[in-house]
Amino acid sequence: MAFLIGMIVALGCMLGGFAGMGGHLEVIFQPWEFCIILGISLGTFIIANSLATIKDTAGAIVEAILNRGPTQRDYLDVLGVLYTLMRELRGKARSEVEQHVDNPNESAIFKNFPKVLADANLTSFICDYCRLIIIGNARTHEIEALMDEEIQTVTHDKLKPYHALTAIAEGLPALGIVAAVLGVVHAMGALDQSPEILGGLIGASLVGTFTGIFVSYGVVSPLAHKVKATRSVRCRLYIIVKQTLLAFMNGAMPQIALEHGRKTIASHDRPSIDMVENETVSGGPKPVQQQAA
């Protein structure tokens, strides 16, 4: 919603200011200039990126426009899964805990937190490192280094749409010049026409330069940064898992380990200690305990 409001404000001020200066809005509407600029941009975007990145970029744009970053509920769910797993790791036999991490889709723990289970990559991340904890041979600093490498890889993959959009934004002003040059070439072929016709053709060519610059700095670049912000916040979920499990491996009680993870959440989204306790210690493990009973 914020993105749409910002676009309305930007377009309204630009078009309103132009009209206020006495300009005619219909002059700006040059569909063939738009076709040249946007068509070349789309073509170069397809050339430069894999099919997976193209699809992911479309999804990332939707996420950014709708502001689909993690909510406080998402953070509480992740902490709830971690707390329940840590309780199981401390109090149950190895074979019982392995059932949850080997097949999370059938696990009562993960079924109790469907939003976490719906994120296949995050679920796999949690299960992989819980499995290493169960094995018990790896040292904490080795696990931390491995987590850092994987989080770096995940972040790189998540930010591919940002880099793709940034590349397009950087090229759009030049593509606007391309459209303007083509417009001038067309105008040069009409030098024998009246000044009114020739002036209209030259004005149309200048719209190409304007369009390239505006779409670059006024649309694509802000959208790319919005994508980066949204995806970076989603990667924060992996940091929560990392800090929580590392604290647990170092001997912290599950409740204390959760605090290590909670502190990595941005202050404006961070749930309070009481909220975490109510959602995890009081609420999270109950279905598993009932099943075990």
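1. Isoleucine 5 is partly exposed at a relative accessible area of 47%, where buried means under 20%, exposed over 50% and partly exposed in between (1.4 Å probe, protein chains only). The residue lies in helix H1 (residues 2–20), helices being DSSP runs of H or I with at least four residues, numbered from the N terminus.

2. This is a predicted model, in which local features need pLDDT of at least 70 and side-chain atom pairs count only at pLDDT 80 or more, while totals for chains, interfaces and linings use all residues. Residues are numbered from 1 along each chain as its sequence is written, and side-chain values use heavy atoms, with hydrogens and water left out.

3. The structure holds 11 salt bridges, each being a side-chain nitrogen of Lys or Arg within 4 Å of a carboxyl oxygen of Asp or Glu. One of them joins aspartate 77 to arginine 73, with the closest N and O atoms 3.0 Å apart; both residues lie in helix H5 (residues 72–91), 4 residues apart, or about one turn of the helix. Aspartate 77 counts as buried at 7% relative accessibility, whereas arginine 73, at 34%, counts as partly exposed.

4. Lysine 111 forms a salt bridge with glutamate 106, the closest N and O atoms being 3.7 Å apart. Here lysine 111 is partly exposed at 48% relative accessibility, and glutamate 106 is exposed at 54%.

5. Lysine 263 and glutamate 259 meet through their side chains in a salt bridge of 4.0 Å, N to O. Salt bridges that share partners also join Asp56, Glu63 and Arg231 into one network.

Methods. Helix = DSSP H or I, 4+ residues; strand = E, 2+ residues; numbered from the N terminus.
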